[in-house]
Amino acid sequence: MGAATTTIRGRRAVPWLVLGLWIAVLALTSPFASKLSDVQRDRAVDYLPVSADSTQVAKIQDRLPGGETTQMVVVYHRDGGLTAADRATAAGQIGEIANAHPLAVLPEGVPSKDGTTLMYPVASTEPGTDEDKRDQLVGDVRDIAKSEDGLSVEVGGEGALATDASAVYNSLDGPLLYTTAAVVALLLILIYRSPFLWLVPLAVAGIADYLSMGVAYGLNQGFGTSVSGQSSGIMTILVFGAGTDYALLLVSRYREELRRIERPYDAMAAALKGCGPAVLASSGTVAVGLFCLLAADLNSSRGMGPLGTVGILCALAAMMTLLPAILVLLGRRVFWPLVPRYGSTPKVRRSLFAAMGSSAGRRPLTVLAGGAVLLGALALGALNLPGSLKQEDSFTSKPEAVAAMQTLGKAYPERGTQPISVIAPTDRADAVLAEARDTPGVDSATRGRSGDGWTEIAVTAGSAPQSAGETATIKELRDRLDGSYVGGPSAEQLDLKDTNARDRLVVVPLVLASVLLILIALLRSVVAPLILVAAVVAVWGAALGIGGLVFGPVFGFEGTDPGLGLLSFVFLVALGVDYGIFLMHRMREESLKGTEPAQAALIALRTTGGVIASAGLVLAATFAVLTSMPMVQLVELGFVIAVGVLLDTFLVRTYLVTSASVALRRKVWWPGALSREPAAESGELPEPVTEPVGVR
């Protein structure tokens, strides 16, 4: 009796110990979590690889006298044509800017041919121009260069565009977190139909997100992991999306065990034993898939790998330790009003997924072929994806820097309006300058600052920024100017595109191989993992195709982010396989009991379909939050992943994978032991089975 009492007391103490441990962990990480935004960097060069020409240009500019140059263009425009007073106003304001801040050269106005516009290239060499000082500098220039009496004045250029982009990214943290939390809360309320239960996983997800921020800051400080607005936002989405998925699986199994087991502690132990292996395997697969991004050359993609992995692991730790502890402490009453009482039998209803499984089971090959044709047809829409996204098209709204660039594009269609920066060895600067002036497509070239053995040369192309003509000019300069580096805003975008193309060739096979090996080890089969991987690749193609059908015609986007293909592939493959593991794990469990393979597939769909559907809805909704953000890159990524998750949840997982498993029967487990067991197959499929109300 005494030993039993001691055991019960010990069990009661475990949840409190777990809760205390989490409080201690949060106390340790709290000072660092709030600092993550301080190390966030969102300049174009912060996204580029170290080896890129434009990255080298930015680094050398930092070492030149005055540090990195902040390039701006002050644009004066009047629809009816500039007056003498307008030109005098412009000259006065530019003089005031030159007096207030050190400039590389005194700007000279360049009038447009139609006389409506006058632009002044402004290059500031203010010492120590980091991001904060750059933003202050742009703000000061905008305060001086103000519109008046029908004369519009806009400040654009690389520096102003970077400031506007930084302002957008810095404004994402709060709205992204609040919107994500609100969406998850609403879905949990609908799923659980309880006024209290939804608060628990939501609060635990918030704690996991806070922990991930502290760990991400530690990685930045300890290993130099890059942090961008995009990667930190994706980390939050993953914590809430994947964390809530794990919570749904655990709570569903816990509710089931509470009807069989009297004590909540023992019921939770049984629930963790039942669903824990699948959750661990699925989260591990996602983490490994994301970690493959470390092989990317693009700095932003490489940094997203560790941050995404941190988000998944923090969500896993919180949902498998803190959530169970809190649920056990709260007891059965947390499920009110649908309390799962010990020994009770839940009300039943006809299962939607049993009906779907039956339809797939009757004609598996027909369903499989039809689904494959549908996904293939949708994937053709990817051919309609718009070209590479230009800097000025990166915003869903139009900040001042973009408005300035649009004004310049209309007024100066015959020439470039932002400089191409060439960094040449000082001892060869004159020869490089002459060669640059002789390069086809170059309108002008002037010598700039010198220092540390390097000289900066500003080149103006004869074509509009980021046009095919300017791109050809940049490539020609790089071919001709051996030993020099060619950078600037347009060169940065070109390097982004080229590096993303290279990364796809490296990361995509690595992700596929890593995920496939994990699935083979987990499922002890080759065929089943190949089915899952082929399915998620098909989903990725179809989701991109749907994006191609709506990005331009519906959303009005002028381009596609060069990183969309790679990032959407990594997330959809990793997260899609995640759900496949839940289904196949249950299918294998049923097969090990001796259930005929076709029946095992349909039973697995019936028992896991509701939970997977709920989890898929939550994950899709969290990524869909990105579509409300003001950056086109985030909107496109969120849309493709959300659509892909929905396709995977309601088409691929329910119909195609189930149909393939029914059609292949024991061959699905080849060459594992399950494929060799003698089959007593009657060919009969199970009767439609009812599903308990409230179980998702």
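Residues are numbered from 1 along each chain as the sequence is written, and side-chain values use heavy atoms, with hydrogens and water left out. Because the model is predicted, local features need pLDDT of at least 70 and side-chain atom pairs count only at pLDDT 80 or more, whereas totals for chains, interfaces and linings use all residues. Here pLDDT is the predictor's confidence in each residue, from 0 to 100. The protein chain averages a pLDDT of 84, and 90% of the residues score at least 70. Over residues 679-696, however, pLDDT stays under 50. Where pLDDT is low, the predicted coordinates should not be read in detail.

Consider next an open sheet of four strands in the order 2-3-1-4, with antiparallel pairing. Strand 2 (110-111) and strand 4 stand at the edges, each with a single partner strand, so one side of each has no neighbour in the sheet. Helices (H or I, at least four residues) and strands (E, at least two) are DSSP runs, numbered from the N terminus, and two strands pair if DSSP finds at least two bridges between them. Strand 2 is joined to strand 3 (residues 117-124) over two bridges, and proline 111 has leucine 118 in strand 3 as its bridge partner. Five bridges join strand 1 (residues 70-77) to strand 4; tyrosine 76 stands opposite valine 153 in strand 4.

Strand 4 (residues 152-156) is largely enclosed by the rest of the structure, because four of its five residues are buried. Buried means under 20% relative accessible area, exposed over 50%, and partly exposed in between (1.4 Å probe, protein chains only). Helix 5 (residues 131-144) lies across strand 1, strand 3 and strand 4, at about 20° to strand 1. Helix 6 (residues 157-170) lies across strand 1 and strand 4, at about 100° to strand 1. Such angles run from 0 to 180 degrees between N-to-C directions, with axes fitted to C-alpha atoms, for helices over the stretch in contact; contact means heavy atoms within 4.5 Å.

Tyrosine 76 also belongs to the largest nonpolar core, which has 175 residues; Tyr76 and Phe623 are among those with the most contacts inside it. A nonpolar core is a set of buried Ala, Val, Leu, Ile, Met, Phe, Trp, Tyr and Cys residues joined through side-chain atoms within 4.5 Å. Apart from this core lies another, of 17 residues, including Val442 and Leu494.

A further open sheet of four strands has the order 7-8-6-9, again with antiparallel pairing. Its edge strands are strand 7 (442-451) and strand 9 (485-487). Strand 6 (residues 420-425) pairs with strand 9 over three bridges, and serine 421 has glycine 487 in strand 9 as its bridge partner. Helix 15 (residues 429-437) packs on this sheet, touching strand 6, strand 7 and strand 8 (454-461).

Finally, the structure holds 12 aromatic pairs. Rings of Phe, Tyr and Trp (its six-membered ring) pair if their centres lie within 6.5 Å; planes under 30 degrees apart count as stacked, over 60 as edge-to-face and the rest as tilted. The rings of phenylalanine 32 and tyrosine 217 have centres 6.1 Å apart and planes at 20°, so this pair is stacked. Phenylalanine 32 lies in helix 1 (residues 2-33) and tyrosine 217 in helix 8 (residues 199-223), so the pair ties together parts 185 residues apart in sequence.
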